[in-house]
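The following paragraphs lead the reader through a single protein chain, moving between individual residues and the whole fold. Please keep the sequence and the coordinates at hand.

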Amino acid sequence: MRKEKELKKKIPIYLLIFIAAALLVTGVFRFAKDNYALITLIMAVLSMLPLFLSFEKKKADTKLLAVLAALIAVSVLSRFIFFAVPFFKPVTAMIIIIAMYLGSDAGFAAGAATALISNFYFGQGPWTAFQMFSWGLIGFAAGLLAKRLKKSTALLLVYGALSGVFFSLLSDLWSVLWYDGGFNLKRYIALVTSAAGITLTYAVSNVVFLLIMKNVVGGAIERVKLKYGIGIDS
């Protein structure tokens with residue numbers, strides 16, 4: 001019964017993720033590349049809807065939003081700090097940890113917001129929506145798996161490595177779709193193969209930063225939740 005209730009609570013979020021994925025596909029085939037800003041704006045709204053809905057249902061409060069905003073700022077800052085080290089950044093690890101301790105809704109919002117805000121510095125483009133979706137989905141899944149990830153460091157590290165692979169594969173997919181105007185399997189395989197080193201770097205960086213940050217950042221979030229009475233159902 002409890003699992004059924006939890007599933008029902010997640011149905012609107014699953015629907016929003018499906019809409020976000022459909023938006024990306026629609027953006028490739030129906031919108032001109034110069035109109036990527038519209039897709040990015042809609043994606044930003046969608047990523048925040050789960051939090052707004054939970055806020056309306058009084059499952060979240062202003063304290064949660066304040067903590068999440070601060071953590072997103074740290075996530076964005078972490079991308080700036082490591083800008084000189086290509087593809088080796090703590091962003092994904094930070095998003096995973098946020099999701100583990102604040103829930104899947106917050107994880108999706110943190111991932112999407114980090115991509116959107118940091119790209120005002122790194123450069124906005126049609127890739128922004130794909131990055132928002134990629135990091136958002138990584139955060140969402142981490143929230144769903146939070147209990148298991150907290151119990152098993154090995155599982156957490158495997159998830160971090162796979163997240164790096166997923167992010168790289170989706171980035172290559174974006175490259176094929178936008179530049180070819182459709183999916184080209186040969187080009188995609190060529191991109192994946194040529195980007196194998198980058199993919200490996202993504203995976204290794206996630207593992208390294210999760211090992212460094214999981215207790216420090218996770219512990220800090222737990223203390224803040226306890227101090228301000230923020231109860232989150234992970």
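Which residues does Thr92 touch, not counting residues up to four places away in sequence? In this predicted model, the residues touched by Thr92 are Trp135, Ile138, Ser163 and Asn206. Thr92 itself belongs to helix H4, which covers residues 91–102. With a relative accessibility of 8%, Thr92 counts as buried, because buried means under 20%.

One of these partners, Ser163, may be considered in turn. Ser163 is located in helix H8, and its relative accessible area of 3% places it among the buried residues. When neighbours within four places in sequence are left aside, Ser163 is in contact with Thr92, Ile96, Ile138 and Asn206.

The wider setting is as follows. The secondary structure of the protein consists of 10 helices and zero strands, so that the order of elements from the N terminus reads α-α-α-α-α-α-α-α-α-α. The protein has 234 residues, of which 47% are buried. Of the contacts with a separation of 6 or more, 74% are between residues 24 or more positions apart.

The interior can be described through its nonpolar residues. In soluble globular proteins, nonpolar side chains tend to be buried together. Here the largest nonpolar core contains 58 residues, and Leu68, Ile96 and Leu102 are those with the most contacts inside it. At least two residues of this core come from each of helix H1 (2–30), helix H2 (36–56), H3, H4, helix H5 (104–122), helix H6 (127–144), helix H8 (153–180) and helix H10 (196–228). The element that gives the most to this core is H4, with 11 residues.

A pair of aromatic rings is described by the distance of the centres and the angle of the planes. Nine aromatic pairs are found in a search of the whole structure. In one of them, Phe87 and Tyr202 are arranged edge-to-face, at 5.8 Å centre to centre and with 85 degrees between the planes. This pair links distant parts of the chain, since Phe87 is in the loop between H3 and H4 while Tyr202 is in helix H10, 115 residues apart. The relative accessibility of Phe87 is 37%, and Phe87 therefore counts as partly exposed; Tyr202, at 18%, counts as buried. Trp135 and Phe167 form a stacked pair, with 4.8 Å centre to centre and 25 degrees between the planes. Because Trp135 lies in helix H6 and Phe167 in helix H8, the pair ties together parts that are 32 residues apart in sequence. Both Trp135 and Phe167 are buried. Phe87, Trp135, Phe167 and Tyr202 form one aromatic cluster, and Trp135 is also one of the residues that Thr92 touches.

Attention now turns to helix H3, which spans residues 62–81. At 1.5 Å a residue, the 20 residues of H3 should span 28 Å, and the end C-alpha atoms are 28 Å apart, so expectation and model agree. The buried residues of H3 are Leu64, Val67, Leu68, Leu71, Ile72, Ser75, Val76, Ser78 and Arg79. Lys63 also lies in H3, but with a relative accessibility of 41% Lys63 counts as partly exposed. Leaving aside neighbours within four places in sequence, Lys63 is in contact with Tyr228 and Ile230. Lys63 and Ile230 are separated by 167 residues in sequence, yet their C-alpha atoms are 7.0 Å apart in space. The side chain of Lys63 also reaches the backbone oxygen of Tyr228, at 3.2 Å.

Which residue forms a salt bridge with Glu222? The partner of Glu222 is Lys225, and the closest N and O atoms are 3.8 Å apart. Side chains of opposite charge can pair when their charged atoms come close. The count for the structure comes to one salt bridge. Glu222 and Lys225 are three residues apart in helix H10, and therefore separated by about one helical turn. An α-helix has 3.6 residues a turn, so residues three or four places apart point the same way. As for accessibility, Glu222 is partly exposed, with a relative accessible area of 36%, whereas Lys225, at 10% relative accessibility, counts as buried.

Technical notes. Residues numbered from 1 in each chain as written. Predicted model: local features only at pLDDT ≥ 70, side-chain atom pairs only at ≥ 80, totals over all residues. Heavy atoms only, no water. Helix = DSSP H or I, 4+ residues; strand = E, 2+ residues; numbered from the N terminus. Buried < 20%, exposed > 50% of the residue type's maximum accessible area, 1.4 Å probe, protein only. Contact = heavy atoms within 4.5 Å. Polar contact = N/O pair within 3.5 Å; in protein donor to acceptor, adjacent residues only side chain to side chain. Core = buried A, V, L, I, M, F, W, Y, C linked by side-chain atoms within 4.5 Å. Salt bridge = Lys/Arg side-chain N within 4 Å of Asp/Glu carboxyl O. Expected span 1.5 Å × (residues − 1). Phe/Tyr/Trp six-rings, centres within 6.5 Å; stacked < 30°, edge-to-face > 60°.
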